[in-house]
Amino acid sequence: MSNWIPLWLHKLSSPPTFYRFAGTLRPWAMALAVLFGVIALYGGLVLAPADYQQGDAYRIIFIHVPCAWMSMFVYAVMGVSSLIALVWRIKLAEVVAMESAPIGAAFTFITLVTGSLWGKPMWGTWWTWDARLTSELVLLFLYLGVIGLYHSFEDRRQGARAAAFLALIGIINVPIVHFSVNWWNTLHQGSTVKLFGPSKIAWGMLWPLLAMTLATKFYYIASLFHRARVDLLALEGGKDWVRQIAEDEARK
Amino acid sequence: MTRPGLAAACAAMLRRDLTLAWRRRGDIAMPVLYALIVTMLFPFALGPEDTLLQRIAGGVILVTVLLAMLLALDGMFSSDVEDGSLEQLVLAPQPLALMMGMKILAHWMTTALPLIVIAPLLAAMLHLPAAVIPVLLLALLLATPLLSLLGAVLVALTAGTRRSGMLLALMLLPLCVPAVIFAAGAVAAAQQGLPWIAPVAWLGAALVLAVVLAPLACAAALRIALDA
């Protein structure tokens, strides 16, 4: 039988099942995030060779680029779960979309800060109105708009649906961020790491980058699961399964 | 009971909103006064030097008009939410998207048109060359409906909330970056004697897209916001 996957997914969308599932996976995701993060930092800061042009200053790439990828990835996750939340009205999709927003905003903020720290020695300026930089800043504002709209409603589910709609409108910005370096030839360099075709980066620099990418992905999973669990408890406050958990906690 | 036709319903909607706006003529004057005063502040802040004012004139006028529209946007649905006529509109047999389109048109006519009418005056205050003014007006004619349509979707989303002024700015301003870039680009190109048709064509394309999609999105957003 091959229909256990849709069945299992269907079951997973119920809050108590997801609560237990996320609770089991979260420590593992966090452990993997720390493991890959340490490996990537060691590889990037100690093992990787210095750049022939930028010297050691390029090493901020191991934070900057994975966070930039995550800023778009999290928005995409938020957009997809927003669509699911609006079309099928699945409560879990609302929770995932709304709890992704602060994490994505944090990744975007880190991207902007590390980028400007990197830009000062290399370009000679903290900030320039380049297409990539501007669209990334717009991405941050979109995240903040979604968070702001979510919290301005008294009814949380209604707020989640309204903010999900805003997230869907804003998803148009994600391809703009991604392709901005190809469409406008300004200060920010083009992409060197490519999914399709050969990357223009030495292997010694590439593997710590990929390890850090894995670390940020696992951190996102761990953080999202934690936030979603808390949110589910708050949303489902009066339900039996939450009371059961509260009683079990009290008995300990 | 016979149902009024679509055209009659649209005309009634438009007439109602224009009448309501006309009964409160003072509100129509507010964005215009705001734009005049903001534009007046620039020569004071930057010094009355002709060349500097000429260089920034296009951008200043566009941003001022955008902010003035943002100020007025908040009130697009507020009176309808208060007296419950918005719920009636949602329940009406006519397509909500079309009715929203009419509301947006009425709002654009009462807030953006007066701003476009005084735009030559604003341009003259900042010494924009007279030859550039037609391009500025064309850019405004295409950019302001775009902002009204985009803004209406976001106003509809916040229709169910109480504090929405600053939130609206936070949501709308990132989304109108492209409109500002293209409109200001057209004015700047015309000022330097370069061909300015490309950015205007982009604005037109965006406007066509928005005219089709924004009323539908606005109706969907309104249903979400009022669904409590």
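Here is a walk through the structure above, from chain A across to chain B and then into the helices of chain B.

This is a predicted model, so local features need pLDDT of at least 70 and side-chain atom pairs count only at pLDDT 80 or more, while totals for chains, interfaces and linings use all residues. Residues are numbered from 1 along each chain as its sequence is written, and chains are lettered from A and ligands numbered from 1 in the order in which they are written.

Let's start with chain A. It has nine helices and zero strands, where helices (H or I, at least four residues) and strands (E, at least two) are DSSP runs numbered from the N terminus. Read from the N terminus, the elements go α-α-α-α-α-α-α-α-α. The C-alpha trace of chain A spans about 60 × 40 × 35 Å along its principal axes. Of its 252 residues, 38% count as buried; here a residue is buried if 20 or more other C-beta atoms lie within 10 Å of its own, exposed if 12 or fewer, and partly exposed in between, with C-beta atoms placed from the backbone. Two residues are in contact if their C-beta atoms, placed from the backbone, lie within 7 Å. Among contacts in chain A between residues at least 6 apart in sequence, 75% join residues at least 24 apart.

Leaving aside residues up to four places away in sequence, Gly190(A) touches Val181(A) and Asn182(A). Between Gly190(A) and Pro175(A) there are 15 residues in sequence and 14 Å in space, C-alpha to C-alpha.

Now cross over to chain B. Here 18 residues of chain B are in contact with 16 residues of chain A. On the chain B side, helix 7 (133-157), helix 8 (165-175) and helix 10 (197-226) each supply at least two of the touching residues. That side divides into twelve nonpolar, four polar and two charged residues. For these classes, Ala, Val, Leu, Ile, Met, Phe, Trp, Tyr, Cys and Pro count as nonpolar, Asp, Glu, Lys and Arg as charged, and the others, Gly among them, as polar.

Helix 7 of chain B is mostly covered, with 19 of its 25 residues buried. Its end C-alpha atoms are 35 Å apart, which agrees with the 36 Å that its 25 residues should span at 1.5 Å a residue; the expected span is 1.5 Å times one less than the number of residues.

How does helix 7 of chain B pack with a neighbour? Helix 3 (residues 50-73) of chain B and helix 7 of chain B pack at an angle of about 30 degrees, with their axes 10 Å apart. Axes are lines fitted to C-alpha atoms, for helices over the stretch in contact, and angles run from 0 to 180 degrees between N-to-C directions. That angle makes helix 3 of chain B roughly parallel to helix 7 of chain B; angles under 35 degrees count as roughly parallel, over 145 as roughly antiparallel, 65 to 115 as roughly perpendicular and the rest as oblique. The residues of this contact divide into nine nonpolar, four polar and no charged. Gly58(B) and Ile61(B) are among those from helix 3 of chain B, and Leu136(B) and Leu140(B) are among those from helix 7 of chain B.

Helix 9 (residues 177-191) of chain B and helix 10 of chain B pack at an angle of about 150 degrees, with their axes 8 Å apart. This makes helix 9 of chain B roughly antiparallel to helix 10 of chain B. By class, the contact has eleven nonpolar, one polar and no charged residues.

Val180(B) is found in helix 9 of chain B. Val180(B) is partly exposed, because it has 17 other C-beta atoms within 10 Å. Not counting residues up to four places away in sequence, Val180(B) touches Leu62(B), Val63(B) and Leu66(B).

Gly160(B) is buried, with 21 other C-beta atoms within 10 Å. Gly160(B) and Ala225(B) are 65 residues apart in sequence and 5.2 Å apart in space, C-alpha to C-alpha.
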